[in-house]
Amino acid sequence: MSVYRRRIYAPLCSLVVCAGLVLLSVTPTIAASSPAGKAGKTVAGGSRTATAAKSPAKSAPISVKPSVVAKAAPVSRPIVKAAPVSKPVVKAAPVSRPVAKAVPVSRPVAKAAPVSKPVAKAAPTRFTKVVPVPASVAPSRFSSAVPAKAPPAPAPAIVARSGTSRGGARPAPISAPAKTYTIESGIAMHYYQGLMETVARNQGLTMRTDVDGYTSRQNCGEIGSIVEARLLNPRTGQWSQWLRLQVLDCSARSNVAYHRSIGLILEVDYNTAVRTGFYSFGRTEAEVRH
């Protein structure tokens with residue numbers, strides 16, 4: 001569209017400019033040719049102009065005609081309208097999505113193979129022998145005789161069970177599975193003579209007679225229970241047998257931390273310390289099994 005406008009407007013602009021230049025050049029010429037312009041020149045010309053001014057004759061009035069100014073005709077500029085551009089509408093083609101269909105899976109059906117059962121066939125004989133049945137043995141249609149019953153089957157032989165009383169071998173004894181224990185290691189101390197009895201009496205506990213001794217533990221929840229322990233004899237370096245000890249006392253709450261720091265796990269009565277041989281040493285190694 002810009003090229004089309006330039007082709008139209010360029011000649012029009014050049015015409016307007018030329019008309020303006022022509023008007024500028026014609027205007028001074030028209031002014032000089034008028035009578036007023038000539039009188040002005042004579043007055044300004046010197047003595048002649050002065051003599052003419054002193055003469056009594058009066059000059060006729062000069063009528064000055066106004067200069068005619070040519071006006072340029074208005075130029076009508078054609079309005080060029082841009083033709084509407086029709087944009088083609090692009091429509092998206094519908095996309096056809098393939099629908100996945102599940103393929104039926106054919107599962108093989110296991111069929112049991114037909115089992116052919118063998119049919120027992122009688123061996124063919126070349127000659128068939130007919131044995132006549134006597135009249136006394138053959139059952140009569142009208143006879144009232146009851147046919148004889150088959151003899152009873154023999155009783156099965158009784159096999160003697162195992163055991164020395166019945167003549168069999170004694171079965172091997174079944175051994176019980178070995179019991180596993182958890183061993184707790186530490187040190188043991190002992191009470192003074194008669195102190196364990198006083199503690200049991202103050203707490204209202206009965207001292208059992210079916211145990212090997214009495215002891216004290218860190219946990220107060222074990223009071224009244226039986227623990228198995230063994231003590232080391234410092235003189236001989238031998239361990240005692242596993243002793244069944246009744247728990248009658250426990251560590252004070254303020255002493256639990258100290259007892260754990262030194263590894264104290266048992267405090268036995270004085271008689272047990274004498275029997276195991278560490279009463280004069282004050283402490284010895286000990287083990288408790290659970």
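Reply: What follows is a walk around the barrel and its disulfide.

This is a predicted model, in which local features need pLDDT of at least 70 and side-chain atom pairs count only at pLDDT 80 or more, while totals for chains, interfaces and linings use all residues. Residues are numbered from 1 along each chain as its sequence is written, and side-chain values use heavy atoms, with hydrogens and water left out.

Six strands close into it in the order 1-5-2-4-3-6. Their pairing is mixed. On average, neighbouring strands are turned by 45° against each other, direction ignored. Strands of a sheet pair through backbone hydrogen bonds, parallel or antiparallel. Here, two strands pair if DSSP finds at least two bridges between them. Strands are DSSP runs of E with at least two residues; helices are runs of H or I with at least four; both are numbered from the N terminus.

Now look at one pairing. Strand 3 (residues 226-231) runs antiparallel to strand 6 (residues 283-289), and four bridges join them. Ala229 has Val288 in strand 6 as its bridge partner. Helix 4 (residues 195-203) packs on the sheet. This helix touches strand 2 (213-217), strand 4 (243-250) and strand 5 (264-268). Contact means heavy atoms within 4.5 Å. The direction of helix 4 makes about 60° with that of strand 4. Axes are lines fitted to C-alpha atoms, for helices over the stretch in contact, and angles run from 0 to 180 degrees between N-to-C directions.

Stay with strand 4. Leu243 lies in this strand. Leu243 counts as buried because its relative accessibility is 11%. Buried means under 20% relative accessible area, exposed means over 50%, and partly exposed is in between (1.4 Å probe, protein chains only). Leaving out residues up to four places away in sequence, Leu243 touches Asp212, Val227, Glu228, Ala229, Thr272 and Thr276.

Cys250 is also in strand 4. A disulfide joins Cys250 to Cys220, with 2.0 Å from S to S. The cut-off for a disulfide is a pair of cysteine sulfur atoms within 2.5 Å. The link is right-handed, with 75° about the S-S bond. Cys220 sits in the loop between strand 2 and strand 3, 30 residues apart from Cys250, so the pair links distant parts of the chain. Cys250 is buried at 16% relative accessible area, whereas Cys220 is partly exposed at 42%. A search of the whole structure finds one disulfide.
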